[in-house]
Amino acid sequence: MVSKSSYIKLAASLLAGVVVAQTPAATPEDHPPLPTWKCTNSGGCVQQNTSVVLDWDFRNVHATGGAASCKSGTKLSQSQCPDAGTCAKNCVAEPADYAASGVSTSGNAVTMYHYVKVGGKLTSASPRIYLLNSDGKYVMMNLLNQELSVDVDLSTLPCGENGAFYLSEMVADGSKNPAQFNAGGAGMGNGYCDAQCQGYCCNEMDILEANSMANAFTGHPCKGNNCDKNGCGYNPYASNQRNFWGPGKTLDTSKPFTAITQFPASGGRLSQITRKYIQNGRTITSGSLNSCGSEGSTGGMTGMGQALGRGMVLAMSIWNDAAQNMAWLDSGTNGPCASGQGSPSNIQSQHPDTHVIFSNIRWGDIGSTTKG
């Protein structure tokens, strides 16, 4: 069976040639605004002037002064981009088209559609975005001994779909990239990394990977380039809470809810990762993680806590899984979905409107983000 880590590694290898970048076009990119809040128990929540930026791969890369693409299939043309200097001279990257990529914001909510119509034809957009600060750098969330809350609507996400809300230890200015071709920094969605070593290897904390039928939260600590790719996670269904998550269940996924993830620390060390929800004014407790793999090989809970303390970047995406139909999340012992039910072809034909909405993002002192 193909694991989640194997699938993502395959996807990363196919996209490896697109990650390098060129000189940004003269037209500045308009980042959709998404106000968020930073909270303390003493001072309440203060609104942040934040926005979202699409990952670098969502930009048209073409020849300087012409429309010819600088890509050859899924890779950059070797003749136009043999090295960083030549690539910067020959090619430009246009600002991303957020609507065509399935991303829109309204007030404090961001909506991401998996499928969009382009020229009257339904195509897969599968966007990935990052939270951007007003200074043009990524927001660095320092969450050790803190909490992160978000309102979620995933009612249209069927079996096989994944609305992901997670943290990656990217650098604030987006400049870290092994290929060293990137230009435009965080403002152009550069510098992605994760525990599957896409871009490069870094700590990853999956706050919520979910659809309407199943969910999980998973830590993926790294020590250098050695990452816990499978991670240590909590899935209610896999923990025999078969009536916890789903339409009409304890956590009714046919309606919006608030997910609160807490990272309490003891003596400066992450002691556990806990999850609770609020829906219709009712607090619903869920599970917790008290350990996370090997401290020696991948860093374990200590390494995960250190990454949270240094600061991590918030990423959001919507995707599906051609290799395994998201079975690692929602089928067999992990969820109620039937084998093959979550294939991308089934989703596109039966659920073309599938989308996820994240809103009211708040982070700060434990207990501060949901007061009132």
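The structure is a predicted model, in which local features need pLDDT of at least 70 and side-chain atom pairs count only at pLDDT 80 or more, while totals for chains, interfaces and linings use all residues. Residues are numbered from 1 along each chain as its sequence is written, and side-chain values use heavy atoms, with hydrogens and water left out. Strand 15 covers residues 161–168 and is largely enclosed by the rest of the structure. The structure also holds 8 disulfides.

- Helices (H or I, at least four residues) and strands (E, at least two) are DSSP runs, numbered from the N terminus.
- Because 8 of the 8 residues of strand 15 are buried, the strand is largely enclosed by the rest of the structure; buried means under 20% relative accessible area, exposed over 50%, and partly exposed in between (1.4 Å probe, protein chains only).
- In a regular strand the side chains alternate between the two faces of the sheet.

**Pairing of strand 15**

- Two strands pair if DSSP finds at least two bridges between them.
- Strand 28 (residues 313–320) runs antiparallel to strand 15 and is joined to it by 8 bridges. Glycine 163 stands opposite isoleucine 318 of strand 28.
- Strand 16 (residues 204–210) is also antiparallel to strand 15, with 6 bridges between them. Glutamate 204 in strand 16 is the bridge partner of serine 168.

**Disulfides**

- A disulfide is a pair of cysteine sulfur atoms within 2.5 Å.
- Cysteine 159 and cysteine 337 form a disulfide with their sulfur atoms 2.0 Å apart. This pair links distant parts of the chain, 178 residues apart: cysteine 159 lies in the loop between strand 14 (146–153) and strand 15, and cysteine 337 in the loop between helix 4 (327–330) and helix 5 (344–350).
- The torsion about the S-S bond of cysteine 159 and cysteine 337 is about -80°, so the disulfide is left-handed. Cysteine 159 is buried at a relative accessible area of 6%, and cysteine 337 counts as buried at 5%.
- Cysteine 81 and cysteine 87 are joined with their sulfur atoms 2.1 Å apart, and both residues are buried. Their S-S torsion is about 65°, so this disulfide is right-handed.
- Cysteine 193 is joined to cysteine 202 by a disulfide (S to S 2.1 Å). With a torsion of about 95°, the disulfide is right-handed. Cysteine 193 is buried at 0% relative accessibility, and cysteine 202 is buried at 6%.
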